Amino acid sequence: MVVPSSPIDEVMQDVLEQRRKDSLYRYLQVHENLIDFCSNDYLSFARSEKIRQKVNRDAHEINGFSGATGSRSISGNTTYVEDLENFLAKFHQAEAGLIFNSGYDANLGLFSCIAKKDDTIICDELIHASIIDGCRLSYANRFRFAHNNVEDLEKKLRLARGNVFVAVESVYSMDGDMAPIKEIAALCKKYQSHLIVDEAHATGLYGRQGRGLVCHQELENDVFARVITFGKAIGCHGAIITGSKTLRNYLINFARSFIFTTALPLHSLISIKSAYEELMTESFDNTFLHQLIGQFKTGFEGAGDVFLLDSNSAIQSLIIPGNERVRSISKQLQKEGFDVRAILSPSVPFGKERLRISLHMHNTIEQISGLKDAINQILFV
């Protein structure tokens, strides 16, 4: 079927063409049989046969293959999801929790409703887009502070009014570095502000049994809310916001991305439960992943405007300025068999375009060495 073009199609096409000329055009890629250095499957749970079998077994036992049929407030609520929320809240050492359909939905719902017109939200300048969008839907005053800069945060806190919320990521999704949560928590306490921590890229990697950086630093009682997503190291989909029972009830009543959407299907909830049960087994050990991180960073070459950002997480970013330049190098690495993706501006600041390299439990020392050799060969020979 051929649909005739309309004036708005022409407008959109012009915008797309300009984006292409500016080297900003996004397109979807399918790469098979490449070595994975781009996914967020840090613990390899998404490809775990053990977890897959458990999910299928449990789903068969409780007929968990149907849709949720409606929102949680109408027909989509079950004893299973409420029990799972209690289980996850206990695991992350929180009083209560509320499951959302994705990390994006969780941040959108939380930040759009938690602060009112006379309140203030202060975010790290590199905070995730979902938090930015949630803040935009709020009527609150908004400030940004320089990345991981406690002194600049304090300056913004002095300007804040009303109820004040400070938002950070425990591990940043593009730079891979960690927020100074202890210092930020102390500052929030000093100014009677409320700290919100997105643990998307820390869950499964830090803390006992992968409870996250907040638990690892024993700051559970100093954080107002945590956003814990399941689409990264947990290997499935969805998210939970943990905090007080009052926060949970507030979100049920005011978080629009929770209220006005069909709930996650039971099969997704079973997947989440099964992944967390794997974290709790005696055999769970993410030490090898941290060994791979050290191996990747050791002896990494850099020159001129090309350098590796300082990160001890599974996210390793190699700065290669220029959208076309970094995209070209990414394509060359894919031809060599390594699935590495380019991150372009404006997704990252201009001049900080990069290869975002993710490391996983399913990678090997040999693959790490091969990737480093390929990068050095392309860049420096």
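The disulfide count in this predicted model is 0, where a disulfide is a pair of cysteine sulfur atoms within 2.5 Å.

Residues are numbered from 1 along each chain as its sequence is written, and side-chain values use heavy atoms, without hydrogens and water. Because the model is predicted, local features need pLDDT of at least 70 and side-chain atom pairs count only at pLDDT 80 or more, whereas totals for chains, interfaces and linings use all residues.

Cysteine 123 belongs to strand E3 (residues 120-124). Helices (H or I, at least four residues) and strands (E, at least two) are DSSP runs, numbered from the N terminus. In E3, 5 of the 5 residues are buried: Thr120, Ile122 and Asp124 cover one face, and Ile121 and Cys123 the other. Strand E3 runs parallel to strand E4 (residues 141-145), to which 5 bridges join it; two strands pair if DSSP finds at least two bridges between them. Within this pairing, cysteine 123 stands opposite arginine 144. From E3 the chain passes through helix H5 (residues 129-136) to E4 in a right-handed β-α-β crossover, that is, with the strands pointing away from the viewer, the path from the first strand over the helix to the second runs clockwise. Strand E5 (residues 164-169) is also parallel to E3, joined by 4 bridges, and its phenylalanine 165 is the bridge partner of isoleucine 121.

Several backbone features lie in loops. Asparagine 33, in the loop between H1 and strand E1 (35-36), has a positive phi near 65° and is exposed at 80% relative accessibility. Threonine 69 has a positive phi of about 75° although it is not a glycine; this residue lies in the loop between helix H2 (49-61) and helix H3 (79-91) and is exposed at 63%. The peptide bond from serine 345 to proline 346 is cis, with omega near 10°, and proline 346 is placed in the loop between strand E12 (341-343) and strand E13 (354-358).

Methods. Buried < 20%, exposed > 50% of the residue type's maximum accessible area, 1.4 Å probe, protein only.
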